[in-house]
Amino acid sequence: MPLPNLDMDALRSLEAILRLGSLARAAERVGRSPSAVSQQMRKLEAQLGEPLFRKQGRRVVLTDAGDRVHAYARRILELNDEAVHAVRGAAVDGVVRFGLPGDFAESWLPAALGQFRKAYPAVRVDVLVERNGLLLERLDRGEFDLVLAMNQGGRADAERLATLPMTWIGAAGTDEAVRPDAVLDLALYPPPCFFRQAGTSALERAGIAWRPAFVTASLHSLWAGVAAGLGITVRTAADLPTTLMRLDERHGLPPLPGVDLCLHAAPGAPSAALARLREAVMEQARTHLGRAGRNGH
């Protein structure tokens with residue numbers, strides 16, 4: 001009896017369910033209705049003769065067979081996509097100058113750019129990590145083709161990928177941040193910085209005295225200062241180092257607003273290389289940041 005050919009679209013839906021943690025979100029991502037994705041899962045189970053999911057309390061989790069299928073699904077999809085990109089990507093060339101803030105320079109984004117390079121070997125991507133406030137200035141001066149920036153959603157060229165909550169951040173193990181009759185030490189970027197402005201404005205509204213105890217223009221240095229106990233800071237919690245922790249009202253701190261993460265492209269018709277990179281960054285951002293705050297991500 002011949003073995004069945006597993007449905008590639010169904011495998012892609014299975015991968016999306018596991019990656020996004022929800023059948024409904026997976027259905028949206030693959031462009032199908034939830035009932036259609038459920039039918040795909042039933043088809044896979046029929047082809048394999050084993051259930052892929054089981055109930056665990058109120059949750060639905062993979063069975064042992066489902067775990068094995070998921071591992072193979074990822075390999076099959078990677079090979080499929082690599083084959084398609086190897087053919088299509090060879091026809092795309094050019095240079096794209098890409099600017100991004102340090103918040104995402106050491107986490108998911110370099111891996112995404114590495115995958116892009118494999119898919120489009122003839123495209124050269126020149127990456128520059130810059131302070132968020134300078135990224136759009138340089139885009140407007142024609143020094144970038146694509147910029148990933150935060151809190152600039154008011155621009156006409158902004159394509160929002162996520163709304164991330166701002167949060168107070170302190171050294172791991174912090175029990176108390178605000179003490180009566182004591183000035184709160186802050187670790188901050190120098191002005192202008194919208195994280196600095198949001199944090200200090202929230203403290204002033206709450207009547208909490210503060211001082212800039214540690215000021216730096218480097219994100220590495222900022223994290224090091226906070227971890228050393230020189231002050232607390234305001235940032236997003238995306239890819240927070242393990243030496244740090246989120247702080248909130250339980251530590252005596254006021255609430256903070258959210259911040260938009262947006263892509264901005266240079267004006268004019270995009271080149272094929274720019275269009276492909278934009279699509280790749282959008283997909284990876286929505287995958288990795290979807291749980292931190294859902295926009296139209």
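The chat below goes through a few local features of a predicted model.

Reader: What kind of model is this, and how are residues numbered?

Author: The model is predicted, with local features needing pLDDT of at least 70 and side-chain atom pairs counting only at pLDDT 80 or more, while totals for chains, interfaces and linings use all residues. Residues are numbered from 1 along each chain as its sequence is written, and side-chain values use heavy atoms, leaving out hydrogens and water.

Reader: How many aromatic pairs are there?

Author: A search of the whole structure gives two. Rings of Phe, Tyr and Trp (its six-membered ring) pair if their centres lie within 6.5 Å; planes under 30 degrees apart count as stacked, over 60 as edge-to-face and the rest as tilted.

Reader: Why is the pair Phe116 and Tyr120 called tilted?

Author: Their planes are at 35 degrees, so the pair is tilted, and the ring centres are 4.9 Å apart.

Reader: And Phe194 with Phe195, how are those rings placed?

Author: The planes of Phe194 and Phe195 are at 35 degrees, so that pair is tilted, with centres 4.5 Å apart.

Reader: Are Phe116 and Tyr120 buried or exposed?

Author: Both Phe116 and Tyr120 are buried. Buried means under 20% relative accessible area, exposed over 50%, and partly exposed in between (1.4 Å probe, protein chains only). Phe194 and Phe195 are both buried too.

Reader: New topic. Where does α1 run, and what span should it have?

Author: Helix α1 covers residues 8–20, and at 1.5 Å a residue its 13 residues should span 18 Å; the end C-alpha atoms are 18 Å apart, which agrees. The expected span is 1.5 Å times one less than the number of residues. Helices (H or I, at least four residues) and strands (E, at least two) are DSSP runs, numbered from the N terminus.

Reader: Which residues of α1 are buried?

Author: Among them are Leu11, Leu14, Ile17 and Leu20.

Reader: What comes just after α1?

Author: Gly21, which takes a positive phi of about 75 degrees.

Reader: Why is β5 said to be largely enclosed?

Author: Five of the five residues of strand β5 (residues 146–150) are buried, so the rest of the structure largely encloses it. On one side are Leu146, Leu148 and Met150, and on the other Val147 and Ala149.

Reader: Which strands does β5 pair with?

Author: Strand β3 (residues 94–100) pairs with β5 in the parallel sense over two bridges, and strand β11 (residues 258–265) in the antiparallel sense over five bridges. Two strands pair if DSSP finds at least two bridges between them. Leu146 has Phe98 as a bridge partner, and in β11 Leu146 is partnered by Ala265.
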